[in-house]
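Q: I have a structure open and would like to go through it piece by piece. Can we start with the surface and then move on to charges and pockets?

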Amino acid sequence: VEDFAPTATLLEDLMSGSANSVRDKFMISRLMKSVQDVNDKLSSYSFGDAQQSSYQLWLDDLCDVYLESIKPVIKDTSEANTKARWAAQATLWLTMDAGLRLLHPMMPFVTEELWQRLPGRGTLGEAESIMLAPYPECQEKFIDEEAEQHMGTTLKIVKAFRSLRSAYNIANKDLTHFFVKVSGEDEAVANAQID
């Protein structure tokens with residue numbers, strides 16, 4: 001992401017544009033839900049539950065799902081992929097920024113160090129330290145249940161692929177081609193995620 005430069009209106013730019021895919025909308029929606037959940041849990045002094053919600057955002061949503069789904073998009077530097085690549089980078093940057101600020105009360109030193117290393121830090125007129133940065137707040141208009149349902153369908157397909165690879169003892173390093181037939185409502189959902 002060396003060629004990515006965040007802007008002060010990055011979230012609005014991303015969500016108002018047409019470049020974002022279902023996976024980008026999914027990640028922003030999960031981010032907003034996690035922000036809401038962590039804030040609710042911190043308000044009710046359920047610190048362990050707040051930490052668990054942060055953990056789920058980072059491990060389950062960001063690392064396990066989103067990062068894996070954007071690898072081909074980020075690697076493709078062709079002109080035709082410029083908008084999709086920017087949307088993936090913007091979504092990743094927004095999620096990491098808000099995710100680090102969300103996790104900061106529970107892991108102050110590590111999050112400060114990582115936040116300082118985000119690309120473009122110090123160019124937006126933001127706080128000098130994560131301690132002084134505003135704590136994330138949920139923007140409900142970016143919660144997208146449809147994108148989450150569509151991504152759920154995609155994850156079921158991926159799980160089926162992984163199960164087949166395991167059943168046939170195919171190593172992860174071996175390139176495998178799958179042919180998928182999806183019908184009904186899920187057909188449009190699966191086709192929308194092909195890129």
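Predicted model: local features only at pLDDT ≥ 70, side-chain atom pairs only at ≥ 80, totals over all residues.

Q: Where does L114 sit?
A: L114 is in helix α5, which covers residues 108-116.

Q: OK, charges now. How many salt bridges does the structure hold?
A: The structure holds 11 salt bridges. One of them joins the side chains of R85 and D3, at 2.5 Å from N to O.

Q: Which parts does that pair tie together?
A: R85 lies in helix α4 and D3 in the segment before α1, so the pair links parts that are 82 residues apart in sequence.

Q: Is R85 buried or exposed?
A: R85 counts as buried, because its relative accessibility is 14%. D3, at 52%, counts as exposed.

Q: What about E145, which residue does it form a salt bridge with?
A: E145 forms a salt bridge with K33, and their closest N and O atoms are 2.8 Å apart. E145 is in helix α6 and K33 in helix α2, so this pair ties together parts that are 112 residues apart in sequence.

Q: Where do E68 and K71 lie?
A: Both lie in helix α3, 3 residues apart, which is about one turn of the helix. E68 is partly exposed at 40% relative accessibility, and K71 is partly exposed at 41%.

Q: Which residues do salt bridges with shared partners join into one network?
A: R30, K33, D61, E145 and E148 are joined into one network that way.

Q: Switching to pockets. How much space lies in the largest pocket?
A: About 1,400 Å³. The largest pocket is lined by 32 residues, and S69, T154, I157, V158 and F161 lie nearest its centre.

Q: Which helix gives the most to that lining?
A: α6 does, with 9 residues. By type, the lining of the largest pocket divides into 14 nonpolar, 7 polar and 11 charged residues.

Q: And the second largest pocket, how many residues line it?
A: It is lined by 25 residues, with A8, W93, L94, D97 and R101 nearest its centre. About 560 Å³ of space lies in the second largest pocket. Its lining takes its largest share, 5 residues, from α4.

Key. Residues numbered from 1 in each chain as written. Heavy atoms only, no water. 1 Å grid on protein atoms, 1.4 Å probe; cavity = no way out; pocket = protein on both sides within 12 Å on 5 of 7 lines; lining within 4 Å. Points joined across faces, edges and corners; volume = space filled by probe spheres on them. Helix = DSSP H or I, 4+ residues; strand = E, 2+ residues; numbered from the N terminus. Nonpolar A, V, L, I, M, F, W, Y, C, P; charged D, E, K, R; others polar. Salt bridge = Lys/Arg side-chain N within 4 Å of Asp/Glu carboxyl O. Buried < 20%, exposed > 50% of the residue type's maximum accessible area, 1.4 Å probe, protein only.
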